[in-house]
Amino acid sequence: MINRINVGRERERKNIKMLTFNCDGNITAPYELSVFTSSTSCVIAFLGIIGNLVIIGVVSLDPLKKLHTPFNFFVVNLSVSDLVLGAVSVPIAAYVHALEALKEVNNAYWYVFRGSFFISMTASILNLIALTVDRHIAITYPIQYRAYLSWGRCFLISVGIWVFALTVPFLYLTTTLFRFLMVYVNSGILVAFITFVITYVRILNFLKSQSKTLRKKLISSSAEIDKFDLQRVHTEKKITRALLTALFLFILTYLPASVMICLLQFMKVEVEDCTMRHVLRDLLFLFIALNSCMNLFVYAIRLKPFRKSIVALLRFRRE
């Protein structure tokens, strides 16, 4: 009986350590680190909520009737997933780290935070993959593009993304947190990275060869069809560059987080390592959370249809 009680206490102690990253029950994150993480989370939450709401609102209202495309459908879906992170996960993280600064721990908040965090992160990665595939189809199969990505198929893909994002991440409840981070998160990042590289190499090679072919035709004949095709290729290049920027930012934020996960997995749990473990824990979260507030700068500022639509909405509100 006593052995069972001791085993139960040991499991509870391990669960607390996995939730709070403590080396033991008496060692918490440094006060300065908790305050920094909490305040930074507040800034990220504000930027993420405002930026993603602007994207969702502009595409939904579409004042110039130019934004209702399959690509922008997935941009909105991406903004919704990032909005979940900015409006749910990050504020909870700010509150949890504020409690941590006060030397208080509430495991229930950690579970809610990690559940919403993994859901949002999974949906974001899958939506970036969907956007990449969308660009590949739009450029390599321009005539069949709307047939391949009809509104019905876009909706089904979106439903599939959210069903996967709402179910699979909760596997972390059946295993240790570090094992889940190592296998699930790093695997997702690796699959996304390989998909991005392969797809974009094909897209860039296709655009390069198509531009050369159209220029040669334009020199030999002044057909208006060729000029129209050149304009289409130019437009597709701009959209592709915007998404390429988003993918670059994804790598810039998720790759360091992946490295930190590996360091946390293989770092020995000793008293002298506790501060570094808390620093790595907070930084990997902040890196991933930072990616959620990039959409406004990547799409709304870089792409002219978004900028014109925002200006049109602002003028309408003034009138």
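This short report walks through the overall build of the protein chain and then a charged patch on its surface.

## The overall build

Welcome to this structure, which is a predicted model. Its protein chain holds 11 helices and 0 strands. If you follow the chain from the N terminus, the elements read α-α-α-α-α-α-α-α-α-α-α.

The chain has 319 residues, and 45% of them count as buried. Let us turn to the contacts next. Taking those in the protein chain with a separation of 6 or more, 81% come from residues 24 or more positions apart.

## The outside of the chain

## A patch of positive charge

On the surface you can find a patch of positive charge, where Lys66, Lys238, Arg241, Arg302, Lys304, Arg307 and Lys308 gather. Two helices, H8 (224-266) and H11 (304-318), each supply at least two residues of this positive patch. Of the contributors, H11 gives the most, with 3 residues.

## A closer look at Arg241

Arg241 is one of the residues in the positive patch, and its place is in helix H8. Is Arg241 buried, partly exposed or exposed? Its relative accessibility is 47%. Buried means under 20% and exposed means over 50%, with partly exposed in between. Arg241 therefore counts as partly exposed.

Conventions:
Residues are numbered from 1 along each chain as its sequence is written. This is a predicted model: local features need pLDDT of at least 70, side-chain atom pairs count only at pLDDT 80 or more; totals for chains, interfaces and linings use all residues. Side-chain values use heavy atoms; hydrogens and water are left out. Helices (H or I, at least four residues) and strands (E, at least two) are DSSP runs, numbered from the N terminus. Buried means under 20% relative accessible area, exposed over 50%, partly exposed in between (1.4 Å probe, protein chains only). Contact means heavy atoms within 4.5 Å. Patches are made of residues with over 30% relative accessible area and no salt bridge: like charges are joined within 9 Å, nonpolar side chains (Val, Leu, Ile, Met, Phe, Trp, Tyr) within 5 Å. Accessible areas come from the Shrake-Rupley method with a 1.4 Å probe; for residues, only the protein chains shown count as cover. A salt bridge is a side-chain nitrogen of Lys or Arg within 4 Å of a carboxyl oxygen of Asp or Glu. Lys and Arg count as positive and Asp and Glu as negative; His and the chain ends are not counted. The place of a charge is taken as NZ of Lys, CZ of Arg, CG of Asp or CD of Glu.
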